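Dear colleague,

Please find the structure we spoke about below, together with my notes on what turned up in it.

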Amino acid sequence: MNDFYFGTDLLSEFDRLQQQMASLFGGFPSSIRATRFGAFPQINIGTTDDSIEIIAFAPGIDPASLDVSIDKGSLSISGERKASTPERDDIRIYAQERFSGAFRRVIELPQNADPDRVQARYVNGCLSISVGKHESSKPRAITIQ
């Protein structure tokens, strides 16, 4: 005898659960491939009529050690952050919250992104990347004749 009884269709219950999970995590953009908690660097993504704006929060990193590239519709940010603790033999670390080491974040760009129009600048620990949009994808007014 079966001890489990589902008053509704099991697949519709799974669908409802998936929708609830999607609404719970709805604030996270689906275009960020590495969305694990604590991913480095943390990023914000926004858009304007003319561009896609990406800000990577990367304090304490030498801008010369950062690499930004676009390939097949994906923007990659990689680099390395040096350890902040002095390398001494007499120090035993029992807690370390600041990430150090090599990192890489990949962001899937929308189809209207123009890979030939990319600008990047590093100011005050923030890497700001602006990816232009194709002219054909920009909003435009249509004149009625």
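On the surface, Phe-14, Leu-17 and Met-21 make up a nonpolar patch whose accessible area together is about 300 Å². Patches are built from residues with over 30% relative accessible area and no salt bridge, where like charges are joined within 9 Å and nonpolar side chains (Val, Leu, Ile, Met, Phe, Trp, Tyr) within 5 Å; a salt bridge is a side-chain nitrogen of Lys or Arg within 4 Å of a carboxyl oxygen of Asp or Glu, and accessible areas come from the Shrake-Rupley method with a 1.4 Å probe, with only the protein chains shown counting as cover for residues. Met-21 belongs to helix 1 (residues 10–24), and it counts as partly exposed because its relative accessibility is 41%, given that buried means under 20%, exposed over 50% and partly exposed in between.

This is a predicted model, in which local features need pLDDT of at least 70 and side-chain atom pairs count only at pLDDT 80 or more, while totals for chains, interfaces and linings use all residues. Residues are numbered from 1 along each chain as its sequence is written, and side-chain values use heavy atoms, with hydrogens and water left out.

As for secondary structure, helices (H or I, at least four residues) and strands (E, at least two) are DSSP runs numbered from the N terminus, and two strands pair if DSSP finds at least two bridges between them. Four strands form an open, antiparallel sheet in the order 1-2-7-6. Strand 1 (42–47) and strand 6 (113–123) are at its edges with a single partner strand each, so one side of each has no neighbour in the sheet. Strand 6 pairs with strand 7 (residues 126–133) in the antiparallel sense over seven bridges, and Gln-119 stands opposite Ser-130 in strand 7.

Strand 3 (residues 67–71) and strand 4 (residues 74–81) are also antiparallel, paired over five bridges, with Ile-77 in strand 4 as the bridge partner of Val-68. Their hairpin has two residues between the strands, and Lys-72 takes a positive phi near 55° there.

Finally, the structure holds one aromatic pair, for which ring centres of Phe, Tyr or Trp (its six-membered ring) must lie within 6.5 Å, planes under 30 degrees apart being stacked, over 60 edge-to-face and the rest tilted. Phe-40 and Phe-103 are edge-to-face, at 5.1 Å centre to centre and 85° between the planes. Phe-40 lies in the loop between helix 1 and strand 1 and Phe-103 in strand 5 (residues 101–108), so the pair ties together parts that are 63 residues apart in sequence. Phe-40 counts as buried at 11% relative accessibility, and Phe-103 is buried at 8%.

Methods
Buried means under 20% relative accessible area, exposed over 50%, partly exposed in between (1.4 Å probe, protein chains only).
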